[in-house]
Amino acid sequence: CERQDGKPFRQRLLVVANRLPVSAVRRGEDSWSLEISAGGLVTALLGVKEFEARWIGWAGVNVPDEIGQKALTKALAEKRCIPVFLDEEIVHQYYNGYCNNILWPLFHYLGLPQEDRLATTRSFQSQFAAYKKANQMFADVVNMHYEEGDVVWCHDYHLMYLPECLKKHNTNMKVGWFLHTPFPSSEIHRTLPSRSELLRSVLAADLVGFHTYDYARHFVSACTRILGFEGTPEGVEDQGRLTRVAAFPIGIDSERFIRALELPKVQEHIKDLKERFSGRKVMLGVDRLDMIKGIPQKILAFEKFLEENPYWGDKVVLLQIAVPTRTDVPEYQKLTSQVHEIVGRINGRFGSLTAVPIHHLDRSLDFLALCALYAVTDVALVTSLRDGMNLVSYEFVACQDAKKGVLVLSEFAGAAQSLGAGAILVNPWNISEVAASISQALNMSAEEREKRHQHNFHHVTSHTAQEWAETFVSELNDTVVEAKLRTSK
Ligand code: ADP
Ligand code: G6P
């Protein structure tokens with residue numbers, strides 16, 4: 001398609017997600033600095049380039065004053081980002097509460113929060129009200145910036161109420177919704193007090209997408225069992241209106257990682273790391289410090305491996321880089337102390353005056369340092385208890401074409417479906433099995449590593465974030481055209 005000025009036509013895309021790709025840090029009354037946000041959603045969407053995209057979302061800070069809001073809006077505009085300003089109370093009830101204390105654990109099969117159980121009705125109701133209010137605030141910003149023909153792509157569990165808010169305002173808006181977490185079995189979703197309202201709202205979208213076919217299937221069966229709607233091969237139908245439901249497995253911008261490895265700065269990092277850990281095999285974990293990532297279980301499995309394999313004692317090191325996340329939610333605070341306690345105990349037990357078996361960092365690494373770390377790793381440990389996809393496993397594979405290291409991967413991560421043939425798949429709850437897999441990975445022959453790596457490398461380089469977004473948006477455009485044809489018949 002060409003525009004009148006001869007330039008190729010690029011469809012305008014409004015990406016709406018709770019988290020903007022950059023988080024703001026206040027430096028003065030009207031000055032802000034912006035830092036890249038961590039998380040798979042941001043990583044994938046930053047890899048999407050072929051659209052005229054605008055991001056609408058929360059910058060991760062409370063900005064109560066007008067001067068601050070104006071200055072931040074201006075700074076974000078340079079990054080094509082549009083802020084939604086949420087006050088402290090909304091953040092507490094909507095983000096810390098309903099999103100991260102209720103929906104997030106539930107969607108990852110960790111159930112509803114235990115200590116809230118008795119008080120569920122009261123706290124649940126006010127948190128759900130705040131959730132709906134916040135979603136309406138996102139909708140108001142979308143409506144302000146929407147132009148006819150735009151595609152509006154809503155993301156994740158924070159914004160399940162958004163499709164309905166948008167369609168109520170404008171039935172002609174093209175609306176897609178994509179979930180970056182698992183969608184659990186309908187038996188789990190049934191326990192959620194607001195189960196029907198959320199499903200109905202998501203179904204207001206024209207296209208609903210998930211990482212895997214299983215998540216899409218769970219969603220369709222939740223709609224049939226809970227709402228009594230009809231599940232069809234295309235999606236969910238209610239009184240002649242079809243909502244298309246399908247799987248769109250996400251990917252990364254693999255070229256960005258591969259190119260980064262050539263940079264002198266990364267080569268320098270690689271050289272330093274090799275010297276630092278010379279004579280030892282490097283095992284790596286990179287996660288947000290989140291209970292779904294199975295970090296305590298991973299470290300306990302490493303301890304078991306050390307116990308059972310004294311030979312490896314001073315010949316292996318585990319680097320666990322865990323960026324703190326959602327630190328206002330009590331469950332996350334408990335997890336941090338638990339991980340520190342276990343790491344301290346194991347280092348005390350197996351360390352020496354000159355070396356410790358686990359290097360644990362509570363921080364984020366910059367992109368180039370992360371690429372170097374992936375490149376020098378012999379074994380990556382991704383042991384999520386549940387994970388929508390897990391892009392860390394993809395990033396590791398992208399950086400391993402020289403070394404051909406081994407990926408130990410949880411069978412409960414969406415990535416197990418795409419990288420399963422090349423990885424060693426494990427049940428992360430089974431500490432003995434993970435310990436045995438560490439041993440298998442460290443002792444694997446070069447031929448087998450090569451074969452497994454080729455499989456995964458091919459997948460990661462041929463299923464990119466760009467392709468994921470193009471497929472979703474083109475399916476959304478087609479779905480809307482087909483729906484119009486159906487109703488005009
Ligand atoms: P999630 O979306 O649940 O955080 P993913 O594995 O899909 O899980 O994505 C995590 C993203 O965040 C990856 O792009 C990864 O590089 C980045 N990330 C996670 N932990 C760190 C860290 N400690 N330092 C830098 N980046 C990190
Ligand atoms: C996961 C979610 C994202 C979220 C990210 C980081 O990837 O699917 O929606 O942005 O975690 O979490 P945070 O709460 O910091 O945005």
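How many residues surround ligand 1, and which are the closest? There are 18 of them, with Gly40, Thr43, Val323, Ser364 and Leu391 the closest. Please keep in mind that this is a predicted model.

**Ligand 1**
- Two or more residues of the shell come from each of α1 (40–46), β12 (281–288), β13 (316–323) and α14 (391–398).
- Sorted by class, the shell around ligand 1 holds 10 nonpolar, 5 polar and 3 charged residues.

**Ligand 2**
- Around ligand 2 you will find Arg19, Gly39, Gly40, Leu41, Asp156, His180, Thr181, Thr325 and Arg326.
- This shell divides into 1 nonpolar, 5 polar and 3 charged residues.
- Gly40 takes part in both shells.

- In soluble globular proteins, nonpolar side chains tend to be buried together.
- Here the largest nonpolar core has 147 residues, and Val16, Val152, Phe219, Leu407 and Val408 have the most contacts inside it.
- Helix α3 (residues 88–107) supplies the largest share of this core, 9 residues.
- Leaving aside residues up to four places away in sequence, Phe219 touches Phe183, Val208, Phe210 and Val245.

**Helix α7**
- In helix α7 (residues 195–202), the buried residues are Leu198, Leu199, Ser201 and Val202.
- These residues lie on the same side of α7, because they cover an arc of only 165 degrees around the axis.
- Their cover includes α5 (162–169), β7 (174–178), β8 (207–210) and α8 (213–227).

Terms used
Residues numbered from 1 in each chain as written. Chains lettered and ligands numbered in written order. Predicted model: local features only at pLDDT ≥ 70, side-chain atom pairs only at ≥ 80, totals over all residues. Near = placed C-beta within 6 Å. Helix = DSSP H or I, 4+ residues; strand = E, 2+ residues; numbered from the N terminus. Nonpolar A, V, L, I, M, F, W, Y, C, P; charged D, E, K, R; others polar. Core = buried A, V, L, I, M, F, W, Y, C linked by C-beta atoms within 7 Å. Buried ≥ 20, exposed ≤ 12 C-beta atoms within 10 Å, placed from the backbone. Contact = placed C-beta atoms within 7 Å. Arc of directions from axis to C-beta.
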